Amino acid sequence: MVELISAEECTGCLACQVVCPHDAIEIVQSEEGFFFPQIKNETCCKCGLCVKRCPISQKCEKGISGQRGFIVQSKDRRLKKRSASGGAFASIAKYFLIAKNAVIIGASLCEDLTVRHIAIEELRKLKSLQNSKYVQSMLGDIYVKAKKYLDDGRTVFFTGTPCQIAGLYAVLSGKDYENLYTADIVCHGVPSPAFFKRQLAEDSKSRQGRVIDVKFRCKNLIFASNSSYFMMMMMMIGLPLIRKPIQDPYFNLFMKGKDFRESCYNCKFANLDRVGDFTFGDCDSAHLYSNFHPDESNSIILLNSEKANQLWNDIIHSNFDYAELDVEKEAECNHQLRQPFVRPDERSGIYQELLKSDWEQVKSKYAVSQKKLERYKLLILLVVPPFIVRAFGKLRKGT
């Protein structure tokens, strides 16, 4: 039955496996390294429940009238430093943990460098869910755990890509839990976990030992600064490896959208009819708010349900600096609030190269080589105050 959903449509939310009453669906990896459901024919009774619950065949948006949005900066400096932009997710999650003794569920880069959805209940563990992870996360049994928490009366704040939020609602069978709050991200698309794993394995062959941690977005550790896009890998020995996106095959292809899951180019959630109670993302129309934290990366928060509106009124003043967002103008700048990412012609067959070709060939074709000196300059950029960097640049130009 689930095979009626094509590979170009399947998002990999994997709700079908959870809702199947006969355990007739297993999860397999495709040749490109993406996860897909597969029917166990000897067990399937063809009840069709997997297709009936599939988010691709359902209408999932909140449908609120007069959708509101805000450009925000968290007032908690420590949370904001660990965030990709303005700390929207972290501040709301902190509120849930303290005020509602909630369970927070989101994507974490685990110790084995696999991105998985996990549940946390302590504020000290919130950092594991912060910052961007540009790879499709493994969901495992997180939908089942979320349902158990909800049935036990716990407040749950579940975050993820829009298709993952839709997958959660599919598992919950449309039941309206008052103690459930959801937030989707403005998602541009997800590359294959297998490609991410290969990149880390190749970089782990260095004299510095294996990669032990990864960051895709970095901020100056001391002073207010914009979030910079770097592929930074902490190594067992010595200084981190750090590259601009164009210098890193994985990050370069992600930024250009050439290695996304096929369904990302047909995404039904890439519009303003959002599936989560909240939507979080970078503010791409920040130039319209020139007096709002001009030297920092700002977040957007969209309120997509009455539940979100009510909660926002409780937390806004104590947790955020904010300004009203022109949602339509933000959608003009942040294209995946209007439409899916346009599929590049280069996407066809690209994973045959990325997963099977010699790694030096992959790097030479999809990245620009980096000189050692530039690596050290990038490391300095992250720890030296921005105004010193700017002053030094002016001195070199003789101004």
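Mentor: What follows takes the sheet, the pockets, the cavities and some single residues in turn. This is a predicted model, in which local features need pLDDT of at least 70, side-chain atom pairs count only at pLDDT 80 or more, and totals for chains, interfaces and linings use all residues. Residues are numbered from 1 along each chain as its sequence is written, and side-chain values use heavy atoms, with hydrogens and water left out.

Trainee: What is the strand order of the open sheet of 8 strands?

Mentor: The order is β5-β4-β6-β7-β11-β12-β3-β13, and the pairing is mixed. Strands are DSSP runs of E with at least two residues, helices are runs of H or I with at least four, and both are numbered from the N terminus. Two strands pair if DSSP finds at least two bridges between them.

Trainee: Which strands stand at the edges?

Mentor: Those are β5 (115–120) and β13 (320–324); each has a single partner strand, so one side of each is left without a neighbour in the sheet. On average, neighbouring strands of this sheet are turned by 25° against each other, direction ignored. Axes here are lines fitted to C-alpha atoms, for helices over the stretch in contact, and angles run from 0 to 180 degrees between N-to-C directions.

Trainee: And how do β7 and β11 run, parallel or antiparallel?

Mentor: Strands β7 (residues 180–185) and β11 (residues 278–282) run parallel and are joined by 3 bridges. D184 has T279 of β11 as its bridge partner. In general, strands of a sheet pair through backbone hydrogen bonds, either parallel or antiparallel.

Trainee: Which helix lies across β7?

Mentor: Helix α6 (residues 162–171) does; it lies across β5, β6 (156–160) and β7, and runs at about 155° to β7. Contact means heavy atoms within 4.5 Å.

Trainee: Changing topic: what volume does the largest pocket have?

Mentor: The largest pocket holds about 1,100 Å³ of space. Its lining has 49 residues, with S132, Y134, I185, V186 and R217 nearest the centre. Two or more lining residues come from each of α4 (88–100), β4 (103–109), β6, α8 (249–255) and β11. By class, the lining has 21 nonpolar, 23 polar and 5 charged residues.

Trainee: How are those terms defined?

Mentor: The search uses a 1 Å grid over the protein atoms alone: a cavity is a set of points where a 1.4 Å probe fits but cannot get out, a pocket is an open set with protein on both sides within 12 Å along at least five of seven lines, and lining residues have an atom within 4 Å of a point. Grid points are joined across faces, edges and corners, and a volume is the space filled by probe spheres set on the points. Ala, Val, Leu, Ile, Met, Phe, Trp, Tyr, Cys and Pro count as nonpolar, Asp, Glu, Lys and Arg as charged, and the others, Gly among them, as polar.

Trainee: Which residues are closest to the centre of the second largest pocket?

Mentor: They are D203, L241, R243, K363 and Q370, out of 23 lining residues. This pocket has about 650 Å³ of space, and its lining divides into 7 nonpolar, 6 polar and 10 charged residues. The largest share of that lining, 4 residues, is from α12.

Trainee: Is D203 buried or exposed?

Mentor: D203 is buried, at a relative accessible area of 9%; buried means under 20%, exposed over 50%, and partly exposed in between, with a 1.4 Å probe and protein chains only. D203 belongs to helix α7 (residues 193–203). Beyond its neighbours within four places in sequence, its contacts are G209, V211, M233, M235, L241 and R243.

Trainee: How many cavities of 30 Å³ or more are there?

Mentor: There are 2. The largest cavity holds about 210 Å³, and of the 19 residues that line it, C163, C187, G189, C264 and C267 are closest to its centre. The second largest cavity has about 90 Å³; C20, A24, C44, C47 and C50 are the closest to its centre among 14 lining residues.

Trainee: Lastly, where is N291 found?

Mentor: N291 is in the loop between β11 and β12 (299–303), and counts as exposed at 75% relative accessibility.
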